[in-house]
Each structure stands twice: as C-alpha cells, then as structure tokens.
Amino acid sequence: MELRNITLRFGGVVAIKDISFDIRDGEIRAIIGPNGAGKSSMLNVISGFYIPTEGEVYFKKIKRGPMKPYEVARLGIARTFQNIALFDGMSVLDNIMTGRLTMMKSGLLSQAFWYGAAAREEFAHREKVERIIDFLEIQNIRKTPVGRLPYGLKKRVELARALAAEPKLLLLDEPMAGMNVEEKEDMSRFILDLNDEFSTTICLIEHDMGVVMDLSDRVVVMDYGRKIGDGTPDEVRNNQDVIDAYLGVAHD
Amino acid sequence: MPDQVLYAIEVTLNGLMTGVMYSLVALGFVLIFKASGVFNYAQGVLALFAALTLVGLQNGQVPFAHVINATFGTNLSTFGWHLPALLAILLTAGIMVILAIIIERLVLKHLVSQAPIILFMATIGLAYFLEGLGDVMWGADIKKLDVGLPQGISDTIERVTDGWFGYGFFIDNLDIVATVVAVLLVAALTIFSQYSKQGRALRAVADDHQAALSVGISLRFIWVLVWSIAGFVALVAGIMWGTKSGVQFSLSLIALKALPVLMLGGFTSIPGAIIGGLIIGVGEKLFEFIMSSPDLAGAWFGFTIGATENWFAYVLALLFLVFRPQGLFGEKIIERV
Ligand SMILES: Nc1ncnc2c1ncn2[C@@H]1O[C@H](COP(=O)(O)OP(=O)(O)O)[C@@H](O)[C@H]1O
Ligand SMILES: [Mg+2]
C-alpha cells in the first residue's frame, strides 16, 4: 500500500496536506498525532470513505482510481471505526458473519434451488467465524445482541467482523480508545498475535504512546494535516518536531 | 349464540381480510423505510402502476396508444393477444424491477446523504409522475382485472357455519386467497431476509449504513433490491385490490390507509405493519357495525352514526401518536443530547 502526495480538503479546511507514506506487507504501521491532526481522514482515504482532493493511492503496486468503500472492501481492506459502527440489532455472531458477505458465492437463485450447496457454504463460513470468535475470546457472548454489550467488547466484536473478511490490510481507528488497562492489554495481544500468526498487515491509529511504541514496526506522525515524522518508534521518539508537537512547544 | 354476536364475528372476519390488504401496502412502506430511511409516498401509486401494467399486458393493450394515435393519426388499441395470467404477472414483476433500477439511477442516486424530508419530497414527485405515466400509458378508464382468482361468497363457509350456528357467514373467496397469499409473502420475505446473502446485506444496511459499506455492501445495489421487493409487494397488493374493486386511480388512495397502519405498527417493524393492518381492518369494521346499529349504539347511546370507516383509522392513529408515538412495535425514539 502506498499513498503519494495525498491532499484532502473539506471546503476551506485542509484535513490532509500533501502526505506520502507506504505500508509494507506484514508490518504494523501506526499513525499518531494530536486530535484533529487528520489521522481518521487518512484512514478514510485508504478505505474509500473519502476521495482525496489530490494525490494517488496504490494498492499492490496498482494505482487505484476513485473507489466506493464497498469496492475497497472487496479488494481485501477491512476496517474498524473510531466511533464503533456495528449492527446493533443483530447478535454478535450475525455481526461477524456480515464480515464474510463479500466472500459468499451463492446468489438468490442458487440458494433457492441448490439448498444443499448453500447450506454447505454457510457451514464453511460459520466455521471460519467460530475460529475468530475463539481467537478473540468472545465465545460467551456469541448470541448476545450487540447493542447490549459494554464499550470494550463492542470494539472487540468490530475487530472480529473486520477479521472475518480475511483482510490483506486491516485498518484500525483507535482500537483501544476508552478501554481500561486490562482491556488494552488484551487488545494489544490480539493485534500482535494477528500480525505474528496470520501475518496480517495492520495500519492503526492510537493515542497511547506507550502502546504505539510497543506494537508498531513503523510510525507516521501527523500534526495539523501535515506529516512531521516517519520511521521506527525509536526514530520518531527522538525526532525534535514530534517532541515539540506533543509537548506543544513552539519552534524557535 | 345471540344474533348480534354472530354478526360481530362475521364483521370481525371480514375486517381481518380487509386488514390484510392494508398490511400488504404498509409492508412495502416498512421495507423501504427500514433499508433506506425513505418514507415512500409513492408506495400506493406503485401498486396502481403494477395493476395497470398487469391488465395492459394481459389484454395486449398498446401502451401510449392515445399519444401514438394523436401524433400519427393511427388507430391503435390492442395487439390482439391475450397473455396467460401467470406470464403477465411475471412480466409485470420484471417491469417493477426495471422501474426500481430507473428510480435508483434517476432519483435516489442523486439524493444520497440528503435530509429525509428531501427524499420524501422526491417520492411525492415520483408518485405524481407514476400516476401520470400510468394514465398516459394505459388510459384512465376503470379496468377489470382477472387473473383467475376465485371470487364471490364462499359457499363452503356459508354452509358449514350455517350447520354450526344456524347462521351462514358471508366470506369472500378473494379475501381468503388474499390472506393466504399475504401469509406466504411474509414467510418468503422472512426467510429471504434471515437466510440469504442479499437478505443479510439488506438487514445490515437497515441497521447501519457506514458499517454496511465497510463490509463491502453496495448501497446502490441494496436500494435497487428493496425497491424491487417493494414493487413486487405492490404488485401483489395491486392484484388483490384490483380484482376486488377494479383497477382505478383511487387505488393509489389505499396508501393513505396505510399511513394510520404505520402509525399503529411503527415505521420500522414488519410484524407491526401486519398487526397494525389487521387492527385497523377489524377496528373500523367493528366500530362501523356497532355505531350504525340501532340495537347496539342506538340502544346504548340513543343515537347511531354511519360512515365511520372513513375516519376511524385516522382517529385511532391520532390517539396512538399522542400516547405511543413509536407505535406498537417500533423502536423507542430516544433523542441523544
Ligand atoms: N466529513 C468531514 N467534513 C468536514 N470536515 C471534516 C470531515 N472529516 C474530518 N474533517 C476535519 O478534518 C480535520 C481532521 O479530522 P480527523 O481526521 O478526524 O482528525 P483525527 O482523527 O486526527 O482526530 C478536522 O479539522 C475535522 O474537522
Ligand atoms: Mg480520529
């Protein structure tokens, strides 16, 4: 995944200003920066929710034209949202099953006429989903309507739904925001395991510096829509611009 | 059993059957409202348009005959064929799908993320357009619709109930068929939405647009899908109403009766649409029966009133608006502050 000279404007507001960076296969890439820096906007550009005003997006070395979010999703890019977007009326299991919609083959007619094949396909999908449920340790809430779950578990279900799509690239917008220490540790462990065991490429936005430094291979730092740092956690930590932005010190 | 009770039972049964018709129209509303948040004012006209098209196809009527004749001085009226009912119904269903695609392309697509009131206004425009189109295409005269459904009073039921109670109930065969068809339709819709890939996608969109997009669902496809389903439901409703009272432009007014049904049942609940329709159907018939009867209202209140069917549903809906605005089954509306 590569982004070249991305600029995004909303009327007069410049949310992203001429930013380029790449995401390598198999790495955990973090985007950090103060509130309003344009991090979520960047994730929205990658996932097709926003169309950049200028700049190019390359996925698997191929330049991507302006795409609808559902088209991007079908390319194998799954995401979660900063403000959690789940299907509140459905059970946890059904929510996660929707993650596999793009992979379901049986159409309307074949489902009506070849019930056996459709049932077998459904079963295969269910098996995959159950494995994700085990992995994220949410077996005991499988049948619960999502609307009733506490915040931390909702975030986990949202992650499960994204994983169900077996994404080539996973985008996580503040996956640990609003969680307590224990929940954060669990989530960090899941993200690391995902990356280790299934070598899923992950791009995540996170506020907690400690978490970011532990998890990520490389970090992009944004401030007021600009990129002010890019490198390994150590490099970024010692970057003067980044230190200033985070401590609010003016340049002299 | 006293006569009054038997009459009341008969009235209730007839009310249930009328209610099924209301439910069918309300069902079309709910489907579109749930999936897209659009209150589709055109649902009744959709039923009219479907019925007109069905009759036209069946009788081999030349569409736009008036216009063609006026322009070219020809004298066309029919193709001279008569299609089998089933074929005509399938063709009409196909036309409703094409109509759904056109509506999405020309209207909905351009109004994405507009306020609900704008979409509502668009459907009002659509309703008048379709009514006009139906008129120009097929003519404004009242047409007889016959797809071979049984009609007339059911002899069997009259005979059997006569044997039981000494009073034979008058139940229309068509009403019985309508009920069976409605039950099958709802069962099919339920199975579709619970177990099919497209049905799952539809429920997802109804629940949360953003989340639906993120799992790879195309909103435009879903809109075409729900409008097609709503068109199909409209076709079923159009067949029933059209067979009962002829295909005429007042058919689009049944949509108005669906409104109180929705206020009762809630705008987002399919069971609500069904039960709301039944309650209104039974309620208005029973209320009329009681209030116009000298032996009941006359004896109890000292007066009788007639023609209550015209307003009963609306008054009932108004009461609901005051005491339970979300309807019987609708989700509670909680304003977040
Ligand atoms: N849909 C939108 N319409 C208008 N302005 C937006 C929109 N999305 C984001 N912005 C603006 O872009 C800037 C960056 O926002 P965002 O990407 O959410 O920042 P972050 O995620 O880093 O906190 C903010 O000024 C925000 O108001
Ligand atoms: Mg953000």
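**Conventions**

I am working with a predicted model, in which local features need pLDDT of at least 70 and side-chain atom pairs count only at pLDDT 80 or more, whereas totals for chains, interfaces and linings use all residues. Residues are numbered from 1 along each chain as its sequence is written, chains are lettered from A and ligands numbered from 1 in the order in which they are written, and side-chain values use heavy atoms, with hydrogens and water left out.

**Entry on the salt bridge of A:Lys128**

I noted that A:Lys128 forms a salt bridge with A:Glu166, with 3.8 Å between the closest N and O atoms; the term stands for a side-chain nitrogen of Lys or Arg within 4 Å of a carboxyl oxygen of Asp or Glu. A:Lys128 lies in helix 5 (residues 115-135) of chain A and A:Glu166 in the loop between helix 6 (151-164) and strand 7 (169-173) of chain A, so the pair ties together parts that are 38 residues apart in sequence. Helices (H or I, at least four residues) and strands (E, at least two) are DSSP runs, numbered from the N terminus. I found A:Glu166 partly exposed as well, at 42% relative accessibility.

**Entry on the other salt bridges**

By this rule I have a count of 23 salt bridges over all chains. In one of them the side chains of A:Asp22 and A:Arg29 meet at 3.7 Å, N to O; A:Asp22 is partly exposed at 26%, whereas A:Arg29 is buried, with a relative accessible area of 0%. I followed these residues into a network of salt bridges that links A:Asp22, A:Glu27, A:Arg29, A:Arg218, A:Lys227 and A:Asp230.

I then looked at A:Asp94, which forms a salt bridge with B:Arg203, the closest N and O atoms being 4.0 Å apart. Because A:Asp94 lies in helix 3 of chain A and B:Arg203 in helix 8 (residues 197-207) of chain B, the pair joins two chains. A:Asp94 is partly exposed, at 23% relative accessibility.

A:Ser40 is buried at 19%, while A:Gln82 counts as partly exposed at 29%.

**Entry on ligand 1**

Among the residues around ligand 1 I listed A:Phe10, A:Pro34, A:Lys39, A:Ser40 and A:Tyr50, a residue being near a molecule if one of its heavy atoms lies within 4 Å of it. The largest share of this shell, three residues, comes from helix 1 of chain A. I also recorded that an oxygen atom of ligand 1 is 2.6 Å from an N or O atom in the side chain of A:Ser41.

Technical notes
Buried < 20%, exposed > 50% of the residue type's maximum accessible area, 1.4 Å probe, protein only. Polar contact = N/O pair within 3.5 Å; in protein donor to acceptor, adjacent residues only side chain to side chain.
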